[in-house]
Amino acid sequence: MKIHDWPTGPYPARVRIALSEKNLQSEVAFVTVSLRKGEHKRPDFLAKNYSGTLPVLELDDGTFIAECTAITEYLDALDGTPVLTGRTPRDKGVIHMMNKRAELELLDAISTYFHHGTPGLGPDVEIYQNAEWGLRQRDKAVRGMRYFDGVLQDQPFIAGAAFSMADITVIAGLIFAALVKLPVPTECAALRDWYARMQARPSVKQQLALTAPAAS
């Protein structure tokens, strides 16, 4: 298997953390696609992923799987013992619900802020920017932080009693927030405490070592 990604990107971080949680790092080869150079928008990459987004999983039979949730589902199911995406119908439903909320209310909002409300990836890549929309999405992300703080006041993990794909997505959101200098509100003590615990996980600690130096 191959993973086409950008090592310090918050979205690729989701799959890299999942790989580590499943002890699959030795099963994949990483192929770097430069976001700064816009390589993810070039025809050769678009042939792999129409959306032009990272990461992309390339299977040995030539199949390409894009979208972090889909890739995580695939990786989690390989050994027949899913631990990130749920085992029971109830767990699967709750995890997917919270994972989608983490994308909509936090991670994707921060991404839009980055691409529209900041210089983003630079003028060669950011062909169109809407600063007002970017700032609206920044504010949405802060509201999302407050929402997840409320969730974590009542349970230890984003989707309930166990670490899951939904936690990974919020972690990626907070990694991105740090890169764009968007702090977690000081009153969000539960979210802050949860993130401190998450940073102690080997899978997250490993990714933070890659991601901290520069925004992607």
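Analyst: Helices here are DSSP runs of H or I with at least four residues, strands are runs of E with at least two, and both are numbered from the N terminus. The model is a predicted one, in which local features need pLDDT of at least 70 and side-chain atom pairs count only at pLDDT 80 or more, while totals for chains, interfaces and linings use all residues. Residues are numbered from 1 along each chain as its sequence is written, and side-chain values use heavy atoms, with hydrogens and water left out.

Helix H7 spans residues 189-199, and its buried residues are Ala190, Leu191, Trp194, Tyr195 and Met198. These residues lie on the same side of H7, because the arc they cover around the axis is only 130°; the arc is taken from the directions between the helix axis and the C-beta atoms. A residue is buried under 20% relative accessible area, exposed over 50% and partly exposed in between, with a 1.4 Å probe and protein chains only. Contact means heavy atoms within 4.5 Å.

Just after H6, Lys181 has a positive phi of about 60°. This lysine, which is not a glycine, sits in the loop between H6 and H7. Lys181 counts as exposed because its relative accessible area is 72%.

How many residues make up the largest nonpolar core? It has 54, and Val170, Ile171, Leu174, Leu191 and Trp194 have the most contacts inside it. Helices H1 (10-21), H4 (89-117), H5, H6, H7 and H8 are the elements that each give two or more residues to this core. The greatest share, eleven residues, comes from H6. Such a core is a set of buried Ala, Val, Leu, Ile, Met, Phe, Trp, Tyr and Cys residues joined through side-chain atoms within 4.5 Å. In soluble globular proteins, nonpolar side chains tend to be buried together.

Leu174 illustrates the packing: leaving out residues up to four places away in sequence, it touches Leu106, Met145, Val184, Leu191, Trp194 and Tyr195. A second, separate core of twelve residues includes Met1, Leu24, Cys68 and Leu75.

Arg14 lies in helix H1 and is buried, because its relative accessible area is 3%. Beyond four places in sequence, its contacts include Ile168, Thr169 and Ala172, along with Cys68 and Glu103. The side chains of Arg14 and Glu103 make a polar contact at 2.9 Å; this term denotes N or O atoms within 3.5 Å, where, within protein, one must be able to donate a hydrogen and the other to accept it, and residues adjacent in sequence count only if both atoms are side-chain atoms.

As for cysteines, Cys188 counts as buried because its relative accessible area is 1%, and Cys68 because its value is 6%. The structure holds zero disulfides, a disulfide being a pair of cysteine sulfur atoms within 2.5 Å.
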